[in-house]
Amino acid sequence: MKFEHLELSELREKLDKKEITSVQLTEYFLARIEKLNPELNAFVTICRDEALSQARVADDYINSPGENPPLCGIPFSAKDLFCTVGVRTTASSKILDQYIPPYDSTVIVKLKEQKAVLVGKTNLDQFAHGSSTETSYYGPTKNPWDTSRIPGGSSGGSAASVAAGMVPFALGTETGGSIRQPSSLCGVSGWKPTYGRVSRFGVIAMASSLDSPGAHGKSVKDLVSLANIMSGVDLKDSTTGDRISDFRLQIADLKGVRVGVPKQYFVDGMQEEVRERVIEATKELERLGAELVEVDLPHTKYGSLVYAIVAPAEIASNLSRYDGIRYGYVTSEAKNLLEVYEKSRSEGFGDEAKRRIMTGTYVLSAGYYDAYYKRAQKVRRFIINEFAEVFKKVDVLVAPSSPNVAVTLGKAADDPLFGYIADQLNIPSSLAGLPALSVPCGFARPQDGVTPSVDGLPVGLQIIGPQWGEQKIFDVGLAYQSATDWHKKHPTEISNS
Amino acid sequence: MENAEYKPVIGLEVHIQLKTKSKMFGMAPNKLDMTEPNVNIDEVVTAQPGSLPVANKEAIRLAAKMGLALNCTIDEWSKFDRKHYFYPDLPKGYQISQLDQPIAKEGWLEITKSDGAVKKIAIQRAHLEEDAGKNIHPDGLPYSLVDYNRAGTPLLEIVTHPCIESAEEARKYLEELQRIARYVGASDADMEKGSMRCEPSISVRLPGEVGLPPYKCEVKNINSFKFVEQAIKYEIERQTEMRKEGLVPKQVTMGWNEKLNQTVEQRSKEEANDYRYLPEPDLPPLQFTSEYIEELRGELPELPAAKRKRFREEYGLPDADIENLINWKELTYYFENVVSELDAWILSAPAELSGKTDKRGKLIKSVANWCLQDFSAMLNVEHKNPDESLVTPENLAELVKLIDDGKISSSAAKQVFRAMYERGGDPSEIVGDLGLEQVSDEGAIASVIDVVIANNEKAVTDYKAGLEKSFGFLVGQAMKELKGKGNPNLVNELLRNKLK
Amino acid sequence: MLTTDEVKKIAVLARISLSPEEVEKFRSELSTVLDYVEDLQQVNIEGVEEVSQVTGLVNVQREDISVEFADLQAITSQAPEMKDGYYKVKAIL
């Protein structure tokens with residue numbers, strides 16, 4: 001029996017009917033991870049022992065009378081930003097290479113309450129700084145569709161682990177595209193929640209006003225199930241909102257649903273075939289009853305600029321705590337306290353982190369705050385207001401998740417603007433804290449001619465909703481996937497030769 | 001006085017630790033006086049990756065109440081900001097503080113100087129922040145040790161305008177601020193224990209100089225009112241000397257060295273401070289509704305200034321007694337309870353008694369004396385508040401009455417009070433148990449006096465010859481015969497009559 | 001273009017030691033980023049209030065309840081160096 005591409009409801013049924021035990025399922029996925037990871041490098045840490053012991057607990061629970069929680073006994077992976085008590089959590093950085101958190105993040109607590117089984121921690125761009133997973137201290141993750149290419153990032157390890165069937169679902173985080181873009185590039189479904197929908201507590205911070213923990217899964221249906229478990233007010237995160245999070249799974253047609261197509265999201269330099277796939281997807285929505293409406297979001301072009309200031313400022317601040325005193329890497333070269341700080345941080349942080357710390361420190365420093373940070377946060381207000389206006393006219397917005405398919409490894413390195421450009425279609429809605437989905441919507445040939453053997457790489461359609469408007473994007477995503485099977489396409493298995 | 005033209009310009013920054021059960025932004029216990037290091041810590045205090053702050057409702061409440069008690073404005077909106085600097089005692093690499101929207105703004109506090117002059121000290125702002133941990137520097141060793149027990153404790157920073165003009169004013173201000181913090185219940189505000197800390201900024205204005213001097217010196221490491229006064233005096237003198245010579249003191253941070261009794265320049269920082277303030281993205285803003293503010297205002301106790309005024313009007317006590325009472329909030333409550341017991345008694349007493357205006361004053365003074373002397377001393381030994389003792393206000397009122405009635409002597413009263421303190425109970429019964437009733441029977445005293453006069457011819461002769469000292473000797477002899485229980489007034493009166 | 005001194009000053013503020021090559025590298029990269037955001041200067045922001053929160057939440061506070069951390073050892077064991085229960089650092093001057 002094959003389990004790697006089953007949806008959560010199918011796994012639930014097999015576990016509940018005792019067709020398989022959680023231990024067997026866990027062994028199954030661990031075996032796949034152990035087979036595929038040397039090639040893909042999607043995992044930083046594989047927690048075999050912890051996973052099997054969690055699986056045994058889940059089996060005991062399943063064997064006792066009563067209903068099982070939806071995720072009971074189901075394996076998953078978590079981006080290595082989610083703190084896991086007793087299990088190394090690195091942020092894919094040298095500075096946290098040896099860090100073992102003394103506590104669990106809230107999302108992990110919720111999944112543990114479900115008796116879901118954590119099989120490993122996935123690779124990411126160091127501290128989530130990047131859009132390719134190449135800035136990881138542990139080397140890049142490869143795209144399961146073509147291992148010469150990036151999986152996207154920063155949640156590249158999580159997206160790749162789902163795409164390659166190493167886990168049924170994976171936790172990711174998004175700050176400015178980090179769930180949508182790798183979901184798109186790896187051909188999986190991804191949910192970037194409304195900022196404040198899912199607790200950030202215990203998730204190593206990148207940019208606090210933007211970070212949104214979310215998930216990658218096999219389908220929108222799976223993501224809705226996960227949303228029902230992951231969402232909610234957390235007393236340990238002051239920015240979580242008190243909203244109902246009991247999302248419907250029913251598939252309805254899209255009659256009366258107004259779908260906005262923002263013209264600014266079909267940018268110069270985007271791949272023609274990507275544009276075609278996305279346009280086809282909008283036609284599909286129209287067939288399902290939706291009304292397509294062209295909308296105008298003129299401040300879109302400022303999104304990446306605002307982000308290029310706001311994100312590094314918050315990053316520089318959030319990374320101040322890494323000083324080699326309470327945890328993490330400490331230099332062995334220091335002659336005095338100042339050198340402990342300067343060398344530990346210089347040796348412990350990668351280039352991208354340093355670049356963002358430097359940028360962030362600069363824009364917050366005396367004399368520059370108003371010109372950069374304050375100004376950027378004012379322009380951010382325009383972006384928020386513009387979305388609010390447009391959502392008076394439409395229910396959701398659709399656009400490409402990424403202007404192109406996966407590029408080859410090495411393209412992103414040393415381009416200080418790579419991420420800001422790769423994520424330009426994700427950043428504005430992130431700045432506004434809006435929810436979004438990325439769903440597979442077909443394939444496009446890479447235009448770089450690097451790997452002519454590949455006839456198509458996944459393209460993603462993003463569906464953006466108004467603040468707290470998850471149900472709207474779920475409705476559209478569920479309807480779309482009921483009519484298409486792009487989400488059921490999987491990369492051909494990598495041979496272990 | 002040539003110095004008179006060189007005017008000190010002083011501003012005070014005071015930090016008080018708020019009395020809460022948990023930390024400012026996390027649930028770790030807020031306990032001081034821990035003997036073990038690094039135990040009041042958790043993931044938030046030690047800034048573990050991924051940890052987030054959540055503001056303590058009670059800390060915000062106490063801060064706003066302090067703001068009201070200091071006659072400040074509480075704006076509708078307030079927010080937190082991150083203040084960045086690297087130091088081992090600062091776990092996150094930034095302190096959560098408040099930059100441009102403090103909880104409280106523009107208030108004042110009134111002080112009375114020793115010459116009786118009253119001055120309003122203008123307060124610029126009061127804002128909430130979190131305390132740092134403690135660095136310990138073992139003598140002569142190449143390392144320092146860090147304890148995060150104190151890290152994250154809620155702090156209220158209260159900043160005055162530079163309107164203080166002498167060390168005495170600074171001290172009076174601090175004392176009154178301490179009383180207010182204690183009255184409000186916001187803090188123990190104890191300088192020695194560090195729950196109240198003061199950093200004065202001092203400069204000296206040239207004769208005729210307009211505006212603030214072009215520099216100021218901040219003094220740190222001061223842990224008592226006395227040292228604040230000494231440090232300010234020292235700085236005023238040092239800076240005045242310099243300015244007289246035409247020099248402008250360097251703008252530096254000084255430290256108070258209590259061994260040398262002087263301020264010492266601290267190592268000047270390698271860089272100018274650039275705190276890179278950032279609005280705290282992890283904490284939503286605070287909104288204070290007028291209903292909430294009125295609720296807090298309603299909860300404020302009578303504050304020292306109002307109480308001082310009322311005590312003067314209602315009880316006519318000497319200022320020194322009032323000050324001493326006011327310094328101990330719980331004692332003032334107790335004192336007033338005793339007085340109201342006595343008032344009830346006076347009202348129900350025969351007309352000729354309640355008509356005597358000085359009677360009440362005399363009794364009140366006696367209550368104040370008991371409260372401030374024997375009672376305070378005994379409570380202090382045990383670190384107790386009056387309401388934790390066995391002496392009820394009713395019992396103390398009774399004791400004062402017994403003395404006033406001449407039922408016991410003042411020395412016997414001290415014995416009775418000690419018994420009341422140690423085991424509680426009605427003073428009349430204790431007087432009976434200890435056999436301390438005073439003899440006020442004129443006949444009994446007269447017969448004792450007759451015997452004393454008969455037995456001490458020489459003293460009687462001396463007295464009649466004008467030697468007043470002998471009178472005291474004869475009183476002493478009579479009291480001895482009466483086993484110390486004679487009513488001294490009566491003994492005096494009868495002896496004088498007999499010797500006429 | 002930023003000056004070398006400006007880059008060095010930022011590095012000190014950020015407590016990151018940079019080699020001379022890195023100073024040059026960041027000088028150019030930071031300048032690229034600053035050029036990139038230059039267009040923001042064109043936006044008319046008069047009268048606009050800056051964003052610091054997107055949720056619209058206010059007064060999120062917790063009750064004053066204290067909880068002792070269950071496993072202090074799990075926290076302190078992460079420190080590079082402890083001494084007698086204290087975190088040990090190079091001498092603070």
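Modeller: pLDDT is the predictor's confidence in each residue, on a scale from 0 to 100. For chain C its mean is 94, and 100% of the residues of chain C reach 70 or more. This is a predicted model, in which local features need pLDDT of at least 70 and side-chain atom pairs count only at 80 or more, while totals for chains, interfaces and linings use all residues. Residues are numbered from 1 along each chain as its sequence is written, and chains are lettered from A and ligands numbered from 1 in the order in which they are written. For the complex, the predictor reports an ipTM of 0.97 together with a pTM of 0.92.

Turning to chain A, 41 residues of chain C are in contact with 51 residues of chain A (C-beta atoms, placed from the backbone, within 7 Å). Four elements of chain C each supply at least two residues of the side that touches chain A, namely the helices α1 (4-13), α2 (20-36) and α3 (72-76) and the strand β3 (86-90) (DSSP runs numbered from the N terminus, H or I of at least four residues for helices and E of at least two for strands). The largest share of that side, 6 residues, comes from α2(C). By class, the side of chain C that touches chain A holds 27 nonpolar, 6 polar and 8 charged residues (Ala, Val, Leu, Ile, Met, Phe, Trp, Tyr, Cys and Pro are nonpolar, Asp, Glu, Lys and Arg charged, the others, with Gly, polar).

The contact between chains B and C takes 40 residues from chain B and 32 residues from chain C. On the chain B side, β2 (55-56), α1 (57-69), β8 (134-136), β9 (143-147) and β16 (286-287) each supply at least two residues, and β9(B) gives the most, with 5 residues. The residues of chain B that touch chain C divide into 21 nonpolar, 10 polar and 9 charged.

Strand pairing also links these two chains: β2(B) and strand β1 (residues 61-62) of chain C run parallel and are joined by 2 bridges, where pairing requires at least two DSSP bridges. Within this pair, A55(B) has Q61(C) in β1(C) as its bridge partner.

Strand β4 (residues 81-84) of chain B meets β15(B) in the antiparallel sense over 2 bridges, with D81(B) standing opposite P279(B) in β15(B).

Technical notes
Contact = placed C-beta atoms within 7 Å.
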